[in-house]
Every structure is written in C-alpha cells, then in structure tokens.
Amino acid sequence: MKNHIFKETIFALSTPYGESALAVIRISGKDSKKVGMILTNKKNFISRKVYYCSFFSRNKFVIDRGLVIFFRSPYSYTGEDMLEIHSHGSVAVIKKLFKELSSLKNCRFAQPGEFSKRGYINGKNDLIHYKGLSSLISSDTEKQRAVSVRQAFGEAQSKCLYWRKIIQNCLASLDASIDFAEEGEVFDFKGVIKDIKKVITNAKKVSELSQNYQNLHDGQKLLIFGPPNSGKSTIYNIICQEDKAIISAIKGTTTDYQSTSIGIFGLKTTVTDSAGVRKAMNIIEKKGITKTLKLINNHQRLILVLSPDSFSKANCSYLKSILKNLNGQKIIVIFNKKDLRNFAECKNKWQEELIDLKKIKSLSISCKENKSNNNILTNIINFLQKHLISIDTMANEDYYSFEQEQIEIIATMTRNLELCLYNINEIEIASDYLLRALSDLDSLFGKNNIEDRLEVIFRNFCIGK
C-alpha cells in the first residue's frame with residue numbers, strides 16, 4: 001500500500017508536560033529529516049540509528065543536548081518519515097524546542113491522535129487496534145490494562161478475521177448455488193447454517209463480555225453512609241489509605257460528600273463518604289443529609305456503618321425508613337468501634353430494632369485497635385471483595401474492550417446473519433444479508449469509507465499519539 005503524503009510536518013510532546021528527567025518530542029512528515037538536520041546542524045541521519053547531539057536555535061545557540069532517532073518511511077509508527085527528539089524534561093527546554101519547530105515552514109503542532117490517524121491512513125494497522133490502543137493508554141487498573149491489550153495487540157482482530165473467513169466461505173457457497181442453479185446442481189446448506197449459527201453465538205458472547213467490560217471500565221461505586229459519629233470518615237480514610245476526610249468526635253462533622261477513585265483487586269472503584277443521616281440539627285446539616293439520601297438512591301453498592309455511640313431510637317427509626325426504601329441495592333454492614341465495652345450489647349440492640357440487619361452480611365471491627373497496622377485495611381477490603389464488589393475472573397474469560405459503537409456494529413452484523421438464516425431457502429435474499437454482515441464486519445476494521453468518523457475516533461487520543 002502506497003503511503004499518503006501529507007503536506008505538513010507535525011510535532012508534539014509524547015511524554016507528560018512538566019519538569020522531568022527526559023522529554024520525547026515526535027516529529028512526523030515528509031520534512032522530518034530536514035527538520036532534524038536544521039535543529040542539530042547534522043548533514044544526514046541513518047534510519048534507526050541513535051545520535052547524541054546538540055539542539056540549536058536559529059541564531060545558533062545551544063538549546064540542549066540529547067538523542068535523536070530517525071525512522072524512514074514506511075518503517076515508522078505513522079508510516080511516513082519520523083524523528084524522535086529525546087531532550088531533558090525542562091519546561092523551558094520544551095517550550096524553546098517548540099518555538100524553533102513552529103518557526104519552520106509547513107511544520108505545526110499535531111492535533112490529538114494525529115500520529116495514530118496518519119498511521120491508520122497509511123495502513124499501519126486497523127481501527128480495532130487503534131481503539132484498543134486508546135483504551136490501553138487510558139487504563140487505570142490492571143484489569144483494564146489486561147483487557148485493552150487483547151484488543152490492541154491482535155486477539156480482537158483474530159476473532160473478527162475468524163468471523164470474516166466463515167462469512168466469506170458461506171457467501172461463496174450461496175453464490176455458487178445461485179450460479180449453478182440452472183445446471184441442476186443440488187447444494188446442502190447444513191454446513192452453512194451450522195457455521196453461521198457458530199458466528200452468531202460467538203458474536204453475541206463477545207458483545208456481552210465487551211458490555212461487561214464497559215461497566216468495568218466505568219468502575220464500581222461504593223457509598224459509605226450511616227448515622228453521625230459512627231466512624232464513616234475513618235473507614236473512608238482507611239480504604240483510601242489517606243487522611244482525606246476530617247475526623248472529629250463532634251457529631252455532624254461531615255456535612256457534604258467526597259469521593260476517591262482507587263483500585264481494589266485491580267478493579268476501578270469509586271468510594272464516597274457521606275454526611276451522617278439523622279434528623280438534622282441545622283440548615284447546613286439538613287442540606288448534607290438531603291445529598292446523602294440522593295446518593296443512596298443513585299448507588300447500587302452501599303456500606304452502612306454503625307457503632308455503639310451512634311445507637312438511638314431516633315437513629316433506628318430514621319435508618320428503618322431508608323432500608324425499607326432500598327430498591328435492589330447490594331448492602332453490607334460494618335459494626336465499628338468493637339473496642340468499646342458496650343459493643344456487643346449495642347450490636348444486638350441495632351439488630352433488634354432493625355430486623356433486616358440480621359439478613360445483611362456484616363463485619364465487626366475496631367479502627368482504633370488496628371490503626372498502627374494494615375490488618376484493618378486487609379479485613380475491610382477482603383470483606384468488600386467477598387460480599388459487595390463484583391469480582392470478575394477476567395483472566396479466564398475471552399474479554400475484549402470493544403466500545404459501544406463497535407458493540408452496536410457487531411449487533412447489526414448478528415441481526416443480518418440471523419436474517420440470512422431466516423431466509424436461507426431464498427438464496428439470493430440470504431446471500432444479500434450475508435453480504436451486509438460482511439460489510440458490517442469490514443467497518444470494524446475501517447475498510448469501509450468512514451472518513452467522517454475518523455475525527456471522532458482519533459480526537460480521543462492524547463496529543464503526541
């Protein structure tokens with residue numbers, strides 16, 4: 001495939017902007033080598049050879065010293081001539097290099113994802129790979145990384161190519177039956193039907209697992225709630241492994257909510273601490289409690305924290321109405337302050353007043369006793385993992401990070417395959433539906449004319465990729 005020649009040469013910082021030991025600036029386009037020669041005063045660059053040299057300004061002053069690597073087309077990430085500059089990660093150095101590059105004719109800052117877009121246009125890889133790569137770059141947890149790798153580096157492509165081969169073979173069989181119908185040839189479509197059903201079943205499973213991954217990528221949300229002074233913020237700080245919430249013996253200290261995203265067993269999890277629920281003592285507390293009640297309705301996973309010193313008939317009555325109005329949410333209870341003498345007595349009182357508590361999985365802890373070690377964190381996390389957080393054994397599943405748009409394309413392909421089976425006795429109609437399914441599949445790879453979609457796809461990439 002002949003590479004597309006873009007008029008402009010582009011550049012961008014491919015490492016995070018800010019003070020660091022190193023910075024990598026990428027340059028791509030037909031004038032990449034020329035730009036490198038101007039910047040370093042060198043007469044030539046051999047492809048894939050590392051050069052240690054100085055970088056000069058237009059008035060021939062040294063900006064910095066570092067490494068330069070030239071990649072000759074088509075053996076580069078973009079498929080066109082590319083140059084990488086490895087300088088020191090000083091903000092001043094980066095700004096000065098950008099200023100020098102911007103002053104050169106037909107040389108400009110790259111748009112988000114423009115390096116990958118040029119690579120796609122030049123046939124370096126397909127859209128399945130680039131979408132997987134985007135997902136990999138944005139991954140926060142080990143599970144997200146593992147799934148994104150499947151799509152970025154070949155497993156998702158292999159699956160789609162497998163479907164494509166089967167559909168093509170089935171289409172050839174149907175077309176052959178049309179071409180040779182007048183010669184009285186009898187065709188048995190049992191094999192075609194079996195193969196199409198196989199693709200349908202497989203595609204539906206991949207779509208389901210991809211949808212599950214989307215939910216995983218968005219993360220799970222946990223809400224900590226309960227009466228004032230039960231230790232909600234202390235438990236929140238322990239889970240976050242940081243003193244994020246203010247802790248006080250004064251009831252109603254937490255008047256608003258705050259959230260933190262963390263990884264629990266490789267899964268992205270957002271934990272939210274909320275204002276204590278009770279009959280409000282003042283206007284500010286009332287607003288905080290109103291927010292908590294809304295959060296309870298909007299969260300599917302709840303952690304109710306209770307303690308001996310937060311027990312009262314009024315609090316029981318208030319919590320009773322909350323528990324009664326739960327709508328299918330998963331909930332666990334943490335009985336806190338186990339170190340208090342009346343802990344067992346008050347725990348029984350809580351369970352007598354709130355009968356539903358006996359049906360809910362609970363954990364008894366003392367944050368005070370375990371403050372100096374990690375046992376309390378381990379106990380809480382293990383309990384959450386066992387009874388509240390949905391842990392998926394993804395390593396044993398055929399997961400893919402197909403995005404919603406891709407899942408919809410696969411669903412359309414599946415419908416066309418089902419319509420093909422429904423019309424299998426009308427060979428020409430069945431063949432047409434197979435052709436549509438093949439076209440759907442090709443759009444996943446980007447083989448169809450989808451220029452209008454490219455801007456949307458690649459603008460989600462970071463600049464420099």
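Me: Which residue forms a salt bridge with Asp 309?
Reply: The model is a predicted one, in which local features need pLDDT of at least 70, side-chain atom pairs count only at pLDDT 80 or more, and totals for chains, interfaces and linings use all residues. Residues are numbered from 1 along each chain as its sequence is written, and side-chain values use heavy atoms, with hydrogens and water left out. A salt bridge is a side-chain nitrogen of Lys or Arg within 4 Å of a carboxyl oxygen of Asp or Glu. With the closest N and O atoms 2.8 Å apart, the partner of Asp 309 is Lys 337.

Me: How many residues apart in sequence are the parts that Asp 309 and Lys 337 tie together?
Reply: Helices (H or I, at least four residues) and strands (E, at least two) are DSSP runs, numbered from the N terminus. Asp 309 lies in the loop between β10 (301-306) and α10 (313-324), and Lys 337 in the loop between β11 (330-335) and α11 (343-353). The pair therefore ties together parts whose separation in sequence is 28 residues.

Me: Is Lys 337 buried or exposed?
Reply: Buried means under 20% relative accessible area, exposed over 50%, and partly exposed in between (1.4 Å probe, protein chains only). Asp 309, at 32%, is partly exposed. Lys 337 has a relative accessibility of 17%, so Lys 337 counts as buried.

Me: Which residues are linked with Arg 108 in a network of salt bridges?
Reply: Arg 108 forms a salt bridge with Glu 114, the closest N and O atoms being 2.6 Å apart. Arg 108 is partly exposed at 22% relative accessibility, whereas Glu 114 is buried at 9%. The network joins Arg 108 to Glu 8, Glu 80, Glu 114 and Arg 118.

Me: What separates the C-alpha atoms of Glu 80 and His 4?
Reply: Glu 80 is located in the loop between β4 (62-71) and β5 (82-89). This residue is buried, with a relative accessibility of 6%. Along the chain, Glu 80 and His 4 are 76 residues apart, while their C-alpha atoms are separated by 8.3 Å.

Me: Which residues does the cis peptide bond join?
Reply: Most residues other than glycine have a negative phi, and most peptide bonds are trans. Pro 74 is placed in the loop between β4 and β5. With omega at about 5°, the cis bond joins Ser 73 and Pro 74.

Me: How many residues of helix α3 are buried?
Reply: Helix α3 covers residues 114-121 and is mostly covered. Its buried residues include Glu 114, Phe 115, Arg 118 and Tyr 120. Of the eight residues in α3, the number buried is seven.

Me: What is the separation, in helical turns, of Asp 432 and Arg 436?
Reply: Asp 432 forms a salt bridge with Arg 436, with the closest N and O atoms 3.1 Å apart. Asp 432 is partly exposed at 35% relative accessible area, and Arg 436 is partly exposed at 41%. Because the two are four residues apart in helix α14 (residues 427-445), Asp 432 and Arg 436 are separated by about one helical turn.

Me: Are α13 and α14 roughly parallel or roughly antiparallel to each other?
Reply: Axes are lines fitted to C-alpha atoms, for helices over the stretch in contact, and angles run from 0 to 180 degrees between N-to-C directions. Helix α13 (residues 404-422) packs with α14 at an angle of about 165°, their axes being 8 Å apart. Angles under 35 degrees count as roughly parallel, over 145 as roughly antiparallel, 65 to 115 as roughly perpendicular and the rest as oblique. The relation of α13 and α14 is therefore roughly antiparallel.

Me: At what angle do helices α4 and α5 pack?
Reply: Helix α4 comprises residues 127-137 and helix α5 comprises residues 142-152, with their axes 7 Å apart. The two are roughly antiparallel to each other. Their packing angle is about 160°.

Me: Where is Arg 48 placed?
Reply: Arg 48 has a phi near 65°, a positive value in a residue other than glycine. At 55% relative accessibility, Arg 48 counts as exposed. Its place is the loop between α1 (32-40) and β3.
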